[in-house]
Amino acid sequence: MALLRLFLKPGVDKQNTEYGAEGGWVDADYIRFRYGLPEKLGGWTQFGNTQVNFVGSTSDVFTWNALDGAPYAALGTNRKVYAFYGGTWADITPIRASGACTFTTTSGSTTVVVNDGAHEAIQGDFVTFSAVTGNPGGIPNANLTNEFEIQAVLTNGTYTIVSPTQATSTTTAGTATATYQLNVGSDISFLDYGWGTGTWGLSTWGTPRPASASVSLLSRVWQFDNFGQLLILQLVDGSIYEWDPDSGLGTRATAISGAPTKSKFALVSTPDRHLVCFGTESTLGDPTTQDPMFVRFSSQENINNFVATATNTAGGQRLTDGNEILSALRSRGQILIWTDTSLHGQQFLGPPYTFGFQQLGANCGIIGPHASADVNGVAYWMSKDSFFVFDGTVKKIPCTVQDYVFQDLNIAQATSVNVGINSQFNEVTWFYPSLSSDYIDRFVSYNYLENVWSVGTLSRTAWTDVSTFEKPLATEYDPLDTATTITTIYGLTAGRSHLYNQEDGQDANGVAIDAYVYSGYFDIGDGDQMLLMQRFIPDFKRQEGNISVGLRLRPYPQASAVPSSLDPYVITPTTQFVSTRARGRQIQLRIESDELGSFWRFGTMRVDIQPDGLR
């Protein structure tokens, strides 16, 4: 029998049934489609010479160059902010307050009560003690001159920490200066009301959550940008901070003087260089006046002046379509602004109006702060039920995996959805949590040049494309990880992020990647007769390691699939052909690999297929 060329169109199709998707692919993991062919994703390695464990779940990773060209990176989690330079990471989390305190100890216990009537801390906050005196309860001063995680807030004036050594007496003694870092945020969101909503310490004791309306307690999200060499740090629904590389890694980020104190997003406009705050205060400096639809911008070249006068270019504008601004993005000739329902454009006009605003689309809102990406002036984003593109006109992107993604999307964790550009492979990838998880556990990837989709289980909480560093950088979060972090913190609870170089090697930081792609079922004669596959000729490009090829057989579309009697067929780099005994009305092709160092791109397999009977 003559060999037939088995041609399968690129992309994963989950809108059709496995039988209806004949001639295509129906499932994949750790697979991309390139030049019309499926290939295994690249691997990843740790960023830097040693593994660094960051406290909390990362929501943004950002890279930039200082004025002297030196490369920097910043990473923001729900609990900390870190900066990188010259092979070293440092904690630059802003300081919230400081004050005097005393300690109450219990003999034989490592639990220490800290007495500070103005602490305003919540459980999980971080505090550093200095100038400790009195060896409280027999604990050496040096043992308390450290950073601690607050274990429990007892009252407005007391909280507990865990000492590295036990107290030898029960007493209230000693003095110290307590320096408090920014209140921590949650690593997940809560959409609920009534008693018990959220994490401990998020409200005052004895106060129930309002039962008359839904309460949204969102996970903490950072959003970074740069103003020259200054790092701009916007805490979503919080204050905006700056960090100057010239000040060194030993300094912390500080609030930008004169800037709004509560905003949802911030960007530096180009080329005019205004600092623009979105969803911000209508009365500057008063967080109670936050208007989720108000845009406020600084004077040109001055991020400390947001007060509009006749002699500067500061000002503001309220948008109308939508309930709240969620995200913004620099694009070709303008800033794109997304609300929960619409898209707006902000263009620089110059004096006297500075900026002009126009609505660009309706019913096309965005799902979260980090769900949009710009590629060469074309914007892509994810809403709560679709994917969109703006290239001068708002358009919904046809998606062959739309139901698969949006019917299994944990919308309660929408703020964690993030997008990554991988320009080397022409991909825009969204990472999202499925219904079975409060944390990101899935991805959906779109090749914007070839117009094909893929899906998988790679978990990344933040991503930045090749720019300052030679590889894309991305973070992964493990809520149960208790590994040692870059600084000593006593009483530190679980939850660590890890930063990786993506597209580096073929393995998952030294562990084999289990990659696979499955075709739809194919037949002959529209399934009106049995077929027999007697052999196939594999066709792989750049094959490294062994590949497993499987054949799944069905007599009818609704019947259970069974493997070929000789499954699996192991394909080595030198395999010329494979003899099979596969008989059925429909056959599915499965390609899998799980070896260290393996890589492959599937081509166009030739198969020996002929009609056959039941026996």
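**Close-up views of salt bridges and a hairpin**

**View 1. Asp567 and Arg552 meet in a salt bridge through their side chains.** In this predicted model, the N to O distance of the pair is 2.8 Å. The two residues are 15 apart in the chain and link distant parts of it. Asp567 sits in the loop between β48 (562-563) and β49 (569-571), while Arg552 belongs to strand β47 (residues 547-554). Arg552 has a relative accessible area of 21% and is therefore partly exposed, since buried means under 20%.

**View 2. Lys80, Asp91, Glu147 and Arg252 form one network.** The four residues are joined by salt bridges that share partners. In total, the structure holds 20 salt bridges. Side chains of opposite charge can pair when their charged atoms come close.

**View 3. Glu149 and Arg79 form a salt bridge.** The closest N and O atoms of this pair are 2.9 Å apart. Glu149 lies in strand β14 (residues 147-149), and Arg79 lies in the loop between β8 (71-77) and β9 (81-85).

**View 4. Asp291 and Arg318 form a salt bridge.** Here the closest N and O atoms are 2.7 Å apart. Asp291 has a relative accessibility of 14% and so counts as buried. Arg318, at 44% relative accessibility, counts as partly exposed.

**View 5. Strands β3 and β4 form a hairpin.** Strand β3 covers residues 31-34, and strand β4 covers residues 37-40. The two strands pair in the antiparallel sense over four bridges. Which residue of β4 is the bridge partner of Phe33? The partner is Pro38. Two residues lie between the strands, and Tyr35 in the turn has a positive phi of about 55°.

**View 6. The side chains of strand β3 point two ways.** In a regular strand the side chains alternate between the two faces of the sheet. In β3, Ile31 and Phe33 point one way, whereas Arg32 and Arg34 point the other way. All four of these residues, Ile31, Arg32, Phe33 and Arg34, are buried.

Conventions: Residues numbered from 1 in each chain as written. Predicted model: local features only at pLDDT ≥ 70, side-chain atom pairs only at ≥ 80, totals over all residues. Heavy atoms only, no water. Buried < 20%, exposed > 50% of the residue type's maximum accessible area, 1.4 Å probe, protein only. Pairing = 2+ DSSP bridges.
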